[in-house]
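Hi everyone, thanks for coming. Let me put the sequence and the structure up on the screen before I start talking.

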Amino acid sequence: MANPSDRPIRRAPWPLIAAVLLIVFLPFQSLRAAEAKKNLDEIFNAVVRVMATVPADARTAKALGQERAGNGIVIDANGLVLTIGYLILEADKIVVMPPGEEATAARFIAYDHETGLGLIRTTRKLKVKPMPFGDSRNLKPRDTLVISGFGGRTRARPAMIVSRRDFAGYWEYLLEGAIFTAPIYRNFGGAALIGLDGKLVGVGSLAVPDAGGPGRRLAGNMFVPIEKLKPILADLLEHGRSQGPRRPWIGAFTREGPQQQILVVQVTPDGPAAKAGIKPGDLVVGVAGKQIAGQLDFYRKLWAAGKPGSKIALTITRGPRSLTVTITAGDRYRWLRMDKRG
């Protein structure tokens with residue numbers, strides 16, 4: 001899940017790296033050296049290390065591992081940490097390590113599959129200054145920013161936005177208006193994407209081989225825009241998940257195949273698709289009697305066809321045969337072991 005392609009990732013060209021280095025750090029030269037160092041330390045120290053342990057019987061243990069580590073961003077004065085959700089999903093033990101402080105326990109607060117974001121809260125207040133939210137709505141290609149993982153200024157790297165587009169993940173995930181950056185930042189999980197004003201504009205999710213767009217071989221990262229969090233933050237804090245309509249979940253891992261058909265590469269054991277008889281190798285060509293044109297269209301038509309508990313008809317081809325399979329959609333949140341909140 002950390003990389004949606006099995007193809008080798010090629011690094012961005014050095015001229016791009018040099019140009020971004022020059023553009024990003026020039027604005028800080030106008031500050032007095034001591035003031036600049038203090039301001040930068042305050043910004044980058046808000047990024048903490050997040051370590052989570054997941055039980056062996058967790059639904060995601062096999063795919064994502066039982067021991068997970070990445071980054072988080074402190075966003076309030078009471079230890080609230082924003083991270084990428086797969087780091088903490090189904091965790092029964094979470095530890096946060098702030099720069100220059102002892103590690104501290106944290107508890108799970110929320111997970112939102114639609115955005116991919118997660119929240120945890122430390123059991124004690126942290127000494128770091130929270131990172132304020134910026135505005136990701138108007139970010140566009142060629143804008144320059146900074147990516148930072150845990151470790152202070154030494155872990156900060158310049159980056160350039162190389163595309164803004166909708167992203168479809170094979171695990172029934174669609175993020176509209178995702179932010180793609182280059183060059184690649186290796187410690188991307190939960191890393192902070194920071195504007196030149198020192199404000200948070202995105203949360204690190206993936207490494208991708210085509211950051212510049214489909215078919216363009218440029219290694220980079222995909223970030224979740226901070227605007228995706230703002231409308232649901234209150235729900236996450238109160239309920240542990242957003243309270244919008246639940247999407248139907250079928251438990252099929254898919255990739256876009258020939259003629260924009262959808263190739264089933266794996267089904268979740270005992271999931272809705274498996275129970276209905278969907279098999280790896282099947283090609284999905286329609287949803288609820290409507291033809292589909294690629295992965296994005298597949299998800300949009302699937303989610304428009306009902307809700308958890310709805311019966312949804314998929315038209316598939318299996319070898320030379322064409323058939324219709326009716327799936328009783330499930331609820332992803334019920335299937336996941338989400339009872340660790342509190």
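This is a predicted model: local features need pLDDT of at least 70, side-chain atom pairs count only at pLDDT 80 or more; totals for chains, interfaces and linings use all residues.

Residues are numbered from 1 along each chain as its sequence is written, and side-chain values use heavy atoms, with hydrogens and water left out.

So, the overview. The protein chain has seven helices and 18 strands; these are DSSP runs numbered from the N terminus, with helices being H or I of at least four residues and strands being E of at least two. Of its 342 residues, 54% count as buried, and buried here is under 20% relative accessible area with a 1.4 Å probe, counting protein chains only. Among contacts with a separation of 6 or more, 62% join residues 24 or more positions apart; a contact is heavy atoms within 4.5 Å.

Now the barrel. Six strands form a closed barrel in the order 1-2-3-6-5-4, with antiparallel pairing; strands pair if DSSP finds at least two bridges between them. Have a look at strand 2, residues 67-74, and strand 3, residues 80-84: they pair in the antiparallel sense over three bridges. There, I73 stands opposite L82 in strand 3.

On to the rings. How many aromatic pairs does the structure hold? There are ten, using rings of Phe, Tyr and Trp (its six-membered ring) with centres within 6.5 Å; planes under 30 degrees apart are stacked, over 60 edge-to-face, and the rest tilted. One of them is F167 with W171, a tilted pair at 6.3 Å centre to centre and 50 degrees between the planes. Both F167 and W171 are buried. These two also belong to a cluster linked by ring pairs, together with Y170, Y173, F180 and F253.

Methods:
Buried means under 20% relative accessible area, exposed over 50%, partly exposed in between (1.4 Å probe, protein chains only).
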